[in-house]
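Dear colleague,

My notes on what was found in it follow directly after.

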Amino acid sequence: MKSQLKSGAILTYITLLLGNAIALVYTPFMLRSLGQSEYGLFSLANAVVGYLTVLDFGFGSATIRYTAKYNAEGQNEKTQSMYGMFIFLYGFIGLITLVIGFILSFFAYNLFAKGLTADEIKTVRVLLILATVNLAVSFPFGVFTSIITAYEKFVFLKIVSLIRLIVNPVVFIPVLLLGYKSIGLIIASSVLNFIFLVINLIYCFTKLHIKIIFKHFDWALLKEIVSYSVWIFVGSIVSQLWWNAGQFLLGIYTSSVAIAIYSVSMQFKSYFESFATAISGVFLPRMTKMVANEATDEEFSEYFIRVGRLQYIIIALITSGFILFGKQFISIWAGENYTQAFYVTLIIFIPLSLVDTQTLGITILQAKNKHKFRSLVYLGVVIFCIAISIPFIKVYGVFGCTFATAAALTIGNLFIMNWYYRKKIGINIKKYWLELLKMTPGVFIISIITFICLKFLPEMNSYKNLLPSILIYCILYFIFLFLFSFNKYEKGLVKNIILKFKPTQENKND
C-alpha cells in the first residue's frame with residue numbers, strides 16, 4: 001500500500017505535468033477557436049452546472065471512508081450492501097440533477113438578461129442542458145471511482161487519467177476545426193467521460209472483484225453515513241459558491257468578456273490546486289485507518305507537517321514562477337486580450353499558496369468525522385464573500401470579485417481553521433509554520449536572484465525564449481532548495497527517485 005501511495009503521488013505529478021504541457025498547445029487553440037465571448041459562455045455554463053455537483057451530498061468521500069473502515073474490520077457483506085445503496089441513491093440524484101438543470105436552462109433569460117445578449121443566452125441554454133445530462137450520468141458511475149480510491153489503487157487511477165489527458169485534445173481539436181464550437185466540445189467531453197467511467201466500472205468487477213447487494217436498504221447505515229456526509233455536502237456547496245459564484249455574478253452584472261478573463265484565472269487556480277493537493281488527495285484511506293487504530297495527535301501532526309512541507313516545495317515554485325513569468329506567459333498563451341488575468345490570478349494565488357499547504361487537514365477532519373466545524377465556518381465566510389462581491393463587482397468589475405474571494409480565503413483558512421486545528425484536533429500548528437518558515441529564505445533568495453537576472457535579458461515574447469527560462473528556473477529552484485532547505489526525509493525522497501532511474505549492474509551488463 002505504501003508503494004501505491006508513493007507511486008500514486010508520483011504519477012499524479014507526471015499527469016499534472018503532462019496535462020499542463022498539453023494545455024500549452026491545446027488551450028490557446030481552444031481560446032482562439034471559440035473567441036473570447038463564446039469561451040465566456042462555455043465557462044459560464046460549466047460554472048452554473050458546477051453548482052449541481054454538490055448533489056453528490058458527500059457520498060463519494062463516505063464511500064471511500066466506509067469502504068476502508070469495513071475492509072479493516074472484515075465486514076464484507078456490509079460493504080457490498082453499502083455499494084448497492086449508493087448506486088440507487090446516485091441514480092435518484094441523477095434524476096434530480098436533470099430536473100434542476102432543465103429548470104435553470106428555462107430561466108436563463110431571466111438570470112442573464114442584464115449581462116448577455118439574446119443570442120448568447122440561447123447558446124448558454126443549450127450548453128446548460130448538455131452539461132447537466134453529462135453530470136447526471138456521472139453520478140451513479142462515480143461510485144466505482146470512489147471504490148478504486150478506497151482500495152488505494154492509485155496507480156490504475158492515474159494511468160487512466162494520463163490516457164484521458166492524451167485522448168481529450170485528440171478528440172477536441174477536430175471538433176473545433178469542424179466549427180462545432182462550445183456545443184461540440186461539451187458533447188465530445190460527455191462521450192469521453194462516459195467511456196472512462198465505464199472503464200472504472202469494469203476494473204472494479206474484474207480486478208477488485210467487488211460484489212454489490214441490492215436486496216435490502218440499510219436505513220441504520222444510511223443514517224450513520226448521512227450524519228457524516230452532510231457536512232461534506234455543506235463544504236461542497238461552499239466550495240462551489242466560493243469558486244463558481246464569480247462567473248455567475250459577473251454573468252449577471254458585467255459581460256461575457258469579463259467572465260472569460262476571470263475563467264482563465266480560475267483555470268490557473270485549478271492547475272495550482274491540482275498540484276497542491278496531489279499528495280494529500282491520496283491519504284483519506286490511510287487517515288481513516290489511523291483513526292481506527294487510535295493514532296495519537298503527534299502522529300497526525302507528523303503527517304500534517306511532512307505533507308505540508310512537500311506541498312510547500314511545489315506551491316512555492318508555482319507561485320514564485322508565476323510572479324516572475326506569469327504575465328509574459330498569459331500574454332503568449334491566451335493572447336493580449338487576457339493580460340488582466342495575470343493580476344486576477346496573482347491576487348488569488350497569494351493567499352491560496354498558504355492555504356493549500358494545509359489540505360491534509362481537510363482529510364484528517366473527514367477521517368476523524370470532525371469536518372462539521374469547517375463546513376459551518378466556510379458557509380459563513382462564503383456568504384460574507386458573496387455579500388461584498390456584488391457591490392465590489394458593480395464598482396471594480398472582475399477585480400472586485402477577486403478581492404472578495406481573496407479576503408474570504410484569508411479569513412476562513414489562515415485565521416479560523418488554524419485555530420481549530422490547534423485547539424480541537426491537536427495539530428501542532430506552531431511547529432508547522434516554523435517548518436515552512438525555515439524553507440522560505442531559500443525560495444525568496446532564488447526568486448530575487450532570478451528577478452535580477454531577468455532584468456538583463458531581452459523581453460520574453462515567445463515560447464522560444466520563455467519556456468527555456470522557466471525550465472532553468474525550475475532546475476535551479478530544486479537544486480537551491482535541495483542544498484539549503486530540504487530536510488533529511490525530503491533529500492531521501494529525491495535520492496530514492498534518482499535511484500529508481502539509475503541502471504542496475506545487471507542492466508549495465510546487458
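Gln267 is found in helix α9. Please bear in mind throughout that this is a predicted model. With a relative accessible area of 17%, Gln267 is buried. Once its neighbours within four places in sequence are set aside, Gln267 is in contact with Thr27, Tyr39 and Trp333.

**The protein as a whole**

The protein has 19 helices and zero strands. Its C-alpha trace spans about 60 × 60 × 55 Å along the principal axes. A compact globule of 510 residues would have a radius of gyration near 24 Å, and the 23 Å of the protein agrees with that. Of the 510 residues, 53% are buried.

**Helix α8 against α9**

Two packed helices are described by the angle between their axes and the distance between the axes. Helix α8 covers residues 219-253 and helix α9 covers residues 256-276; they pack at an angle of about 175 degrees, and their axes are 9 Å apart. An angle over 145 degrees counts as roughly antiparallel, and α8 and α9 are therefore roughly antiparallel to each other.

Which residues meet in this contact of α8 and α9? From α8 come Trp243, Gly246, Gln247, Leu250 and Gly251. From α9 come Ala258, Ile259, Tyr262, Ser263, Met266, Lys269 and Glu273. By type, the residues of the contact of α8 with α9 are six nonpolar, four polar and two charged.

**Helix α8 against α14**

Helix α8 also packs with helix α14 (residues 372-396), here at an angle of about 5 degrees and with the axes 8 Å apart. This makes α8 roughly parallel to α14, since angles under 35 degrees count as such. On the α8 side the contact includes Trp231, Val238, Leu241, Trp242, Ala245 and Tyr253. On the α14 side, Lys372, Leu376, Tyr378, Val382, Ile386 and Lys394 are among the residues involved. The residues of the contact of α8 with α14 divide into 18 nonpolar, three polar and two charged.

Ser375 lies in helix α14 and is buried, at 2% relative accessibility. Residues up to four places away in sequence not being counted, Ser375 touches Trp231, Ile232, Val234, Gly235 and Val238. Between Ser375 and Gln358 there are 16 Å in space, C-alpha to C-alpha, for 17 residues in sequence.

Leu222 is found in helix α8 and counts as buried at 12% relative accessibility. Leu222 touches Met85, Leu89 and Phe217, again without residues up to four places away in sequence. The C-alpha atoms of Leu222 and Asn244 are 30 Å apart in space, and the two residues are 22 apart in sequence.

**Positive phi angles**

Most residues other than glycine have a negative phi. Lys181 is not a glycine, yet has a positive phi of about 55 degrees. Lys181 is found in helix α7, which covers residues 181-206, and is partly exposed, with a relative accessible area of 32%. His209 likewise has a positive phi, near 55 degrees, and is a residue other than glycine. His209 lies in the loop between α7 and α8. At 57% relative accessibility, His209 counts as exposed.

**Cysteines**

A disulfide is a covalent bond between the sulfur atoms of two cysteines. How many disulfides does the count give? The count comes to zero disulfides, with a pair of cysteine sulfur atoms within 2.5 Å as the criterion. Cys401 is buried, with a relative accessible area of 2%. Cys474 is in no disulfide either, and the nearest cysteine sulfur, that of Cys453, is 15 Å away. Cys474 is partly exposed, with a relative accessible area of 24%.

With kind regards

Key. Residues numbered from 1 in each chain as written. Predicted model: local features only at pLDDT ≥ 70, side-chain atom pairs only at ≥ 80, totals over all residues. Heavy atoms only, no water. Axes fitted to C-alpha atoms, helices over the stretch in contact; angles between N-to-C directions. Helix = DSSP H or I, 4+ residues; strand = E, 2+ residues; numbered from the N terminus. Parallel < 35°, antiparallel > 145°, perpendicular 65-115°, else oblique. Contact = heavy atoms within 4.5 Å. Nonpolar A, V, L, I, M, F, W, Y, C, P; charged D, E, K, R; others polar. Buried < 20%, exposed > 50% of the residue type's maximum accessible area, 1.4 Å probe, protein only. Rg over C-alpha atoms; globule rule 2.2 N^0.38 Å.
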